[in-house]
Amino acid sequence: MSLYAMPIVEGDTEANCIKKLLSRVWREELQLAETLCVLEPLPANRGSLLKPSASTLADKLEEAQRRIQSRCRLPEDHGFILLMLDAEEDCPKSVSEDVLNRAVKVRSDADVSCVLPNRMIENWFKAAASSLAGVNGLPQDLSTPEVPETGSGAGWLDKQLRRVCQTRKYKKVVDALVFVEKMDLRLCRANSRSFDKLCRELAKR
């Protein structure tokens with residue numbers, strides 16, 4: 001039996017690191033024996049996905065489900081769609097519930113999950129910050145903020161990197177992948193409710 005994860009994400013940062021992130025959570029945090037195959041993510045515009053009058057959500061779900069079905073060869077093979085968008089200033093819970101309700105209406109046959117990092121995916125790195133001390137240009141004395149899911153994680157990373165090198169900037173696509181590879185998943189889960197939601201959604205499958 002094979003399980004396929006079909007991510008729908010916004011931005012190049014998520015697109016570049018989602019495979020590594022989901023694979024690590026599945027293998028290391030959940031320690032599941034079944035193999036998870038993460039398909040190439042579908043890019044999407046956040047505003048269009050959240051706009052009820054737009055057909056973007058339906059179109060993306062249709063394409064995602066088509067890709068899953070093209071990979072399922074055996075009757076026991078199955079897959080799920082993961083919508084992962086930055087919450088930005090919105091409430092992650094209310095937005096995810098709204099998106100899921102609309103997703104069920106347009107594709108009731110699809111297994112869909114929606115996870116919104118609180119503000120942005122970089123806040124997950126803040127939640128695991130102490131495990132990233134000395135990694136990829138970050139300070140050796142880096143510690144996890146008391147409330148890691150508030151504020152801009154990208155701005156916080158910029159500030160921390162410049163503590164070591166004043167000309168260093170956070171390069172989203174490149175640096176995010178390194179942090180995903182190195183961060184302590186258990187620490188991140190303990191400090192981030194939205195990351196814990198991602199782990200729980202994967203565990204359900």
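**Close-up 1. The buried residues of helix H9 in this predicted model.** Ser 194, Phe 195, Leu 198, Cys 199, Glu 201 and Leu 202 are the residues of H9 that are buried. Look down the helix axis and these buried residues fall within an arc of 160 degrees, so they line one face of H9. On the face turned away from the buried side sit Arg 193 and Lys 204, both exposed. What lies over the buried residues? The cover includes helices H1 (11–29), H5 (122–127) and H8 (185–191), along with strands E4 (78–84) and E5 (112–115). As for length, H9 runs over residues 193–204, and its 12 residues should span 16 Å at 1.5 Å a residue; the end C-alpha atoms are 16 Å apart, so the two agree.

**Close-up 2. Helix H3 and its buried side.** Here the buried residues are Thr 56, Leu 57, Leu 61, Ala 64, Gln 65 and Ile 68. They take up an arc of only 155 degrees around the axis, which puts them on the same side of H3. Which elements do they pack against? On the strand side of the list are E1 (3–9), E3 (42–43), E4 and E5, and the helices are H2 (46–50) and H4. H3 has 16 residues and reaches 23 Å from first C-alpha to last, close to the 22 Å expected at 1.5 Å a residue.

**Close-up 3. Where H3 meets H4.** Helix H3 (residues 56–71) packs on helix H4 (residues 92–106) at an angle of about 65 degrees, and their axes are 10 Å apart. The crossing is right-handed. From H3, Leu 57, Ala 58 and Leu 61 come in to meet Val 99, Arg 102, Ala 103 and Val 106 of H4. By residue type, that contact divides into 6 nonpolar, no polar and 1 charged.

**Close-up 4. Thr 13 in helix H1 and Val 173 in helix H7.** Thr 13 belongs to H1. Is it buried or exposed? With 8% relative accessibility, under the 20% cut-off, Thr 13 counts as buried. Setting aside neighbours within four places in sequence, Thr 13 is in contact with Ile 121, Glu 122, Tyr 170, Lys 172, Val 173 and Ala 176. Val 173, one of those partners, is in H7 (residues 172–182). Val 173 is partly exposed, with a relative accessible area of 34%. Not counting residues up to four places away in sequence, Val 173 touches Asp 12, Thr 13 and Asn 16. For a sense of scale, Asp 141 is 32 residues from Val 173 along the chain, and their C-alpha atoms are separated by 24 Å.

**Close-up 5. Positive phi at Gln 31 and at Arg 119.** Neither spot is a glycine, yet phi is positive: near 55 degrees at Gln 31, and near 75 degrees at Arg 119. Where do they sit? Gln 31 is in the loop between H1 and strand E2 (36–38), while Arg 119 is in the loop between E5 and H5. Gln 31 is exposed, at a relative accessible area of 62%. Arg 119, at 22% relative accessibility, counts as partly exposed.

Note on methods
Residues numbered from 1 in each chain as written. Predicted model: local features only at pLDDT ≥ 70, side-chain atom pairs only at ≥ 80, totals over all residues. Heavy atoms only, no water. Helix = DSSP H or I, 4+ residues; strand = E, 2+ residues; numbered from the N terminus. Expected span 1.5 Å × (residues − 1). Buried < 20%, exposed > 50% of the residue type's maximum accessible area, 1.4 Å probe, protein only. Arc of directions from axis to C-beta. Contact = heavy atoms within 4.5 Å. Axes fitted to C-alpha atoms, helices over the stretch in contact; angles between N-to-C directions. Left-handed = near helix turned anticlockwise from the far one by under 90°. Nonpolar A, V, L, I, M, F, W, Y, C, P; charged D, E, K, R; others polar.
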